[in-house]
Amino acid sequence: MMVLGLCFAGSATKQRGEMSEFLASVLGLRKEVLDGASADFFALPDGSYFAVASPGEMGETRRSIGFLVDNLDQAIAELVSRGVQVDQEPAENTSMRYAHFVAPDGRLYELVEQKPES
């Protein structure tokens with residue numbers, strides 16, 4: 001598995017509307033609609049995303065960090081072979097494919113593979 005960087009951070013909150021408004025109007029982040037995604041996504045200049053969802057909307061995602069990988073299927077297979085609890089079927093939206101996993105700290109993280117631009 002080759003980790004290329006951090007590409008995603010997400011938060012689930014009961015104050016989703018207020019948080020999304022803060023990100024757009026105070027921090028000046030650009031909201032982006034990603035088909036297939038139920039969270040509010042904000043694109044950062046470095047190509048990464050910050051997402052805000054309602055609690056439980058996307059599973060146990062109070063906080064989530066995404067590691068960009070070169071090959072998602074290979075990364076999933078490697079984690080499974082090491083006994084890590086990981087989504088077997090990746091989810092996807094218009095920009096990325098991803099799978100959640102639970103690390104030794106008991107927290108949820110993601111493996112993310114960018115889709116080629118069409």
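Predicted model: local features only at pLDDT ≥ 70, side-chain atom pairs only at ≥ 80, totals over all residues.

Trainee: What kind of aromatic pair do Phe 8 and Phe 41 form?

Mentor: A tilted one, with 6.0 Å centre to centre and 40 degrees between the planes. This pair links distant parts of the chain, since Phe 8 sits in strand 1 and Phe 41 in strand 3, 33 residues apart.

Trainee: Which residues make up the aromatic cluster there?

Mentor: Phe 8, Phe 41 and Tyr 49 form one cluster.

Trainee: And how many aromatic pairs does the structure hold?

Mentor: Four. Another of the tilted kind is Phe 67 with Tyr 109, at 6.1 Å centre to centre and 40 degrees between the planes. Phe 67 is in strand 5 (residues 63–69) and Tyr 109 in strand 8 (residues 108–114), so that pair ties together parts 42 residues apart in sequence.

Trainee: Phe 67 first: what's its relative accessible area? And is Tyr 109 buried or exposed?

Mentor: Phe 67 comes out at 26%, so it counts as partly exposed. Tyr 109 is buried, because its 18% is under the 20% cut-off.

Trainee: Let's talk cores. How many residues are in the largest nonpolar core, and which have the most contacts inside it?

Mentor: It has 13 residues, and Phe 8, Phe 41, Tyr 49 and Met 96 have the most contacts inside it. Strand 1 (3–12), strand 3 (40–43), strand 4 (49–53) and strand 7 (96–102) each supply at least two of its residues.

Trainee: Which strand gives the most to it?

Mentor: Strand 4, with three residues. There's also a second, separate core of 11 residues, and among them are Val 69, Ile 76, Leu 79 and Leu 111.

Trainee: New topic, helix 2. Which residues are buried in it?

Mentor: Helix 2 covers residues 72–81, and Leu 72, Ala 75, Ile 76 and Leu 79 are buried there. They cover an arc of only 100 degrees around the axis, so they lie on the same side of helix 2.

Trainee: What caps the N-terminal end of helix 2?

Mentor: Asn 71 does that: one of its side-chain oxygens lies 3.2 Å from the backbone nitrogen of Asp 73. Just after helix 2, Gly 83 takes a positive phi of about 80 degrees.

Trainee: Last one: His 100. Where is it, and is it buried or exposed?

Mentor: His 100 is in strand 7. With a relative accessible area of 14%, His 100 is buried.

Trainee: What does its side chain make a polar contact with?

Mentor: The side chain of Glu 110, at 3.2 Å. His 100 and Glu 110 are 10 residues apart in sequence, and their C-alpha atoms are 4.3 Å apart in space.

Note on methods
Residues numbered from 1 in each chain as written. Heavy atoms only, no water. Core = buried A, V, L, I, M, F, W, Y, C linked by side-chain atoms within 4.5 Å. Buried < 20%, exposed > 50% of the residue type's maximum accessible area, 1.4 Å probe, protein only. Helix = DSSP H or I, 4+ residues; strand = E, 2+ residues; numbered from the N terminus. Polar contact = N/O pair within 3.5 Å; in protein donor to acceptor, adjacent residues only side chain to side chain. Arc of directions from axis to C-beta. Phe/Tyr/Trp six-rings, centres within 6.5 Å; stacked < 30°, edge-to-face > 60°.
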